[in-house]
Amino acid sequence: MWLAAIQLVSGRNWQDNREQIAAELAALPKERPLLVLLPENFALFGERQGYLDGAEAIGPDLSGAAPIQQQLAEWARDCGIWLVAGAMPTRMPTTIAGSDHIHTSSLVFDSSGELRGHYHKIHLFDVDVTDNHGRYRESETFSPGDVPVLVDTPFGPLGLSICYDLRFPELYRQLARAGARVLLVPAAFTAVTGEAHWEPLLRARAIENQCYVVAANQGGTHETGRQTWGHSMVIDPWGRVLASKESGRGTVLAQMELGLIDELHRTMPVLTHARLL
């Protein structure tokens, strides 16, 4: 089984981003089963109004009202891959008549193009960073989710997360205790915070939860002027980086050893030793 992370330098326009993704998918190796993760903001990387205008409702009807999801389903089916849409803006109905709830969400499509699950980002990035953007306030555009999500797949249960979630180990411990074998981290980590913390946090999540980690980051200077860190990677449950890409567009790929997690659970059963929940 193979795990892949696609790194992009996405912009405001879905059609341009679509071409970047299509080129990476066309170059994938023929090995299957293959799990492919796209980064956060793979479809739209811009400003608040662009996310609001481009948000799609999640649902089984992938007709003209959901062109991004329709394309994702077609890619998954045509390529015969499990495709995880790292994070995109989505609309969910609320109890307030006539309004919508805006989330940033991961969507999981199986190799037949069926939507198998979705996750709304729980932790929103409301911080100040010493870069050329400076002030980040996701809560001005998005509302947080509140439910950790596992999705059953041939690779084992996938534990879903998005970007800033990476700084909250309690989420990943919940996912691991619920049976996760692969933790997914689509992101748009800034260059400043990424250089300082990206790889240490990813490796820690893999080691402490004895899971594979697949991390797909944005990686370059975007048309908005924002700079993202890149260094998309696949990490094994022992914390070893199996594949990584420093910057720019590209795909990292690594093989999943199915027995490694079971071996670690047997020889170093940290999850059963944990006393503080």
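## Helix 4 and helix 5

In this predicted model, helix 4 and helix 5 cross in a right-handed sense. Helix 4 covers residues 169–177 and helix 5 covers residues 191–209, and their axes, which cross at roughly 35°, come within 10 Å of each other.

On the side of helix 4, the contact is made by Pro169, Tyr172, Arg173 and Ala176, while helix 5 contributes Arg205, Glu208 and Asn209. Sorted by class, the residues of this contact are three nonpolar, one polar and three charged.

## Helix 1 and helix 3

Two packed helices are described by the angle between their axes and by the distance between those axes. For helix 1, residues 14–26, and helix 3, residues 67–79, the angle is about 10° and the axes lie 12 Å apart. Because angles under 35 degrees count as roughly parallel, helix 1 is described as roughly parallel to helix 3.

The residues that meet here are Trp14, Arg18, Ile21, Ala22 and Leu25 from helix 1, and Ile68, Gln71, Trp75 and Cys79 from helix 3. By class, the contact of helix 1 with helix 3 is made up of seven nonpolar residues, one polar residue and one charged residue.

Glycine 80 is found in the loop that lies between helix 3 and strand 4, the latter being residues 82–93. With a relative accessible area of 30%, glycine 80 is classed as partly exposed, because that class lies between the buried limit of 20% and the exposed limit of 50%.

When neighbours within four places in sequence are left aside, the residues in contact with glycine 80 are Arg32, Trp75 and Ser111.

## Glutamine 218, between two strands

Glutamine 218 also has its place in a loop, in this case the one between strand 12, residues 212–217, and strand 13, residues 232–235. The relative accessible area of glutamine 218 is 0%, and the residue is therefore buried, a term that applies under 20%.

The side chain of glutamine 218 makes polar contacts with backbone oxygens: it reaches that of glutamate 40 at 2.8 Å, and it reaches that of asparagine 41 at 3.3 Å.

Terms used: Residues numbered from 1 in each chain as written. Predicted model: local features only at pLDDT ≥ 70, side-chain atom pairs only at ≥ 80, totals over all residues. Heavy atoms only, no water. Axes fitted to C-alpha atoms, helices over the stretch in contact; angles between N-to-C directions. Helix = DSSP H or I, 4+ residues; strand = E, 2+ residues; numbered from the N terminus. Parallel < 35°, antiparallel > 145°, perpendicular 65-115°, else oblique. Contact = heavy atoms within 4.5 Å. Nonpolar A, V, L, I, M, F, W, Y, C, P; charged D, E, K, R; others polar. Buried < 20%, exposed > 50% of the residue type's maximum accessible area, 1.4 Å probe, protein only. Left-handed = near helix turned anticlockwise from the far one by under 90°. Polar contact = N/O pair within 3.5 Å; in protein donor to acceptor, adjacent residues only side chain to side chain.
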